[in-house]
Amino acid sequence: MNNLAEFLAHAITLEDESAQRFDELADALEVHHNGDVVELFRKMAHYSRLHLADARERATGLDLPRLAAWEYKWPGAESPEAIEVFDVHYKMTPFHALTAALESEKQGQAFYAHIAETAADPGVRTLAAEFAAEEADHVTLLQGWLARTPPPEDHWSEDMDPPAAVD
Amino acid sequence: MMLKAQDYKSDVKPVWCPGCGDFAVLSAITKALAELQVPREDAAVVSGIGCSSRIPAYTSVYGFHSIHGRALPIATGLKAARPDLTVFCAGGDGDGFSIGGNHFIHACRRNVDLTYIVMDNEVYGMTKGQASPTTDAAWTGSKLTPEGPGVAPFRPLEMALSAGANFIARGFSGDPNFVVRLIVEAVRHPGFSLVQVLSPCVTFRPEQRAWKETTHADWAPESACTNRRDAFLKLLDDDGFTTGVLYKGNNPVFGKPQAATATLEELEKGFAL
């Protein structure tokens, strides 16, 4: 990460895509009346949007680079806080949702922490460390929620009227 | 004002199963449109029938959710009549390679300048999980084919290359930003472009989640084959999970007919008895 503008371009996209993915998953699960998980994903989308607003504010006055989707320097195939599309199930429980959300926050935290350690620009290192600390708070928060959430029953995905039934 | 990917999404919420790979393809298409900055009124998405063919409704550009297997002739007609439009055709493997199989061959051959995105999950999802043309011969997941379909799967890339497609690529919906690049390159390359996207069906083929481990991006777009012989040789070594750009050809693109060189009266004289 070469400069503050490039870093903030990444941070903005990271939070934006995280919020969009949580909303997309909430929309998809709403169709299946999975209210508890919908509520949780909406909450996560809200938090991502708060961070998005913060990152945008910090970018005020900077000329951010316009990057194509494949030009971002993500550690994986997608921005690190976007839950993988395939990691959901229509009967998933809040425990599953929190586990997936926790994983995404950990990935976000690791992304910022890595930049804080390796960026050449001191300004980028400072801001990345600040963002990493915020993400670490979220990780702790989610771990607390997860500890208070009962794990799913063994047969959580059983469906008396499964979509795959061929009679 | 710059359009963002979200600007190309409609207010209609997808009804795909949670976890469906097509969500990522929709996102890739909208990101590609944003990258290309195509005005919304200058783009169209034409589809056939199937889960993935619902995609026009989820975009804010012009759309036509047409009939089973007939998306390509409709998209071809649209592009011929309105060459100024950026035309996408989208659908699944059953729609494109079985019901619309013959249209696929001739769309490659005509080489009209449009981009065909096939979301390939090797199953008929909308009708509850039957074997499709790209299903492996030994797949026993459907009660309709309890011992597997028993026929060799259709090879879309080989067929496209044989029939004359000018741009051939394969992506994986688990690597959506790379799919964006493939779509952008497909649109920019003249002629008929095929982008096969391996897009898991988590309901009827949940084992396809493992494609994350089996796909490998070994066809770098910058070193795509420019002649068919090299491309065919690459395909002989392909395990079906290589992603990237296979081929960028230079075949003549179907264009607007030449301007008339004679009037109707002059032509009629030639037929006078």
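**Architecture of the predicted two-chain model**

Strand β6 of chain B (residues 193-198) is largely enclosed by the rest of the structure, since 6 of its 6 residues are buried. A residue is termed buried if 20 or more other C-beta atoms lie within 10 Å of its own, exposed if 12 or fewer do, and partly exposed in between, with C-beta atoms placed from the backbone. Helices (H or I, at least four residues) and strands (E, at least two) are DSSP runs numbered from the N terminus. The model is a predicted one, in which local features need pLDDT of at least 70 and side-chain atom pairs count only at pLDDT 80 or more, while totals for chains, interfaces and linings use all residues. Residues are numbered from 1 along each chain as its sequence is written, and chains are lettered from A and ligands numbered from 1 in the order in which they are written.

The side chains of β6(B) are divided between two directions: B:Ser193, B:Val195 and B:Val197 point one way, B:Leu194, B:Gln196 and B:Leu198 point the other way, and all are buried. Strand pairing requires that DSSP finds at least two bridges between the two strands. On this basis β6(B) runs parallel to strand β4 of chain B (residues 115-120), to which it is joined by 6 bridges. Within this pairing, B:Val118 is bridged to B:Gln196, and B:Asp120 to B:Leu198. Strand β5 of chain B (residues 167-172) is likewise parallel to β6(B), with 6 bridges between them; here B:Ala169 has B:Val195 as its bridge partner.

Strand β4(B) is also mostly covered, with 6 of its 6 residues buried. One side carries B:Thr115, B:Ile117 and B:Met119, the other B:Tyr116, B:Val118 and B:Asp120, and both faces are covered. Besides β6(B), to which it is joined by 6 bridges, β4(B) pairs with strand β3 of chain B (residues 86-92) in the parallel sense over 5 bridges. B:Gly92 and B:Met119 are bridge partners in this pairing.

The loop between β4 and α5 (156-163) of chain B contains B:Thr145. This residue counts as partly exposed because it has 16 C-beta neighbours inside 10 Å. Its C-alpha atom is separated by 33 Å from that of B:Phe64, which is 81 residues away along the chain.

Chain B as a whole holds 9 helices and 8 strands. Its radius of gyration, taken over C-alpha atoms, is 19 Å, which agrees with the value near 19 Å for a compact globule of 273 residues; the globule rule is 2.2 Å times the number of residues to the power 0.38. Along the principal axes, its C-alpha atoms fill a box of roughly 65 × 45 × 40 Å. Of its 273 residues, 53% count as buried. Two residues are in contact if their C-beta atoms, placed from the backbone, lie within 7 Å. Of the contacts in chain B with a separation of 6 or more, 70% are between residues 24 or more positions apart.

Chain A is built from 4 helices and 0 strands, in the order α-α-α-α from the N terminus. Its C-alpha trace spans about 60 × 35 × 25 Å along the principal axes, and 37% of its 167 residues count as buried. Among its contacts between residues at least 6 apart in sequence, 77% join residues at least 24 apart. Helix α4(A) (residues 122-147) has 26 residues and reaches 37 Å from its first C-alpha to its last, close to the expected 38 Å; the expected span is 1.5 Å times one less than the number of residues. The buried positions of α4(A) are A:Val124, A:Leu127, A:Ala128, A:Phe131, A:Glu135 and A:His138, and they pack against α1 (4-30) and α3 (94-118) of chain A.

The contact between the chains takes 20 residues from chain A and 28 from chain B. On the side of chain A that touches chain B, 15 residues are nonpolar, 2 polar and 3 charged. In this grouping Ala, Val, Leu, Ile, Met, Phe, Trp, Tyr, Cys and Pro count as nonpolar, Asp, Glu, Lys and Arg as charged, and the others, Gly among them, as polar.

A nonpolar core is a set of buried Ala, Val, Leu, Ile, Met, Phe, Trp, Tyr and Cys residues joined through C-beta atoms within 7 Å. The largest one has 109 residues, of which B:Cys89, B:Ile117, B:Ile168, B:Ile183 and B:Leu246 touch the most other members. Its largest share, 11 residues, comes from α1(A). Apart from neighbours within four places in sequence, B:Ile183 contacts B:Ala28, B:Ile29, B:Ala32, B:Thr115, B:Ile117 and B:Val195.
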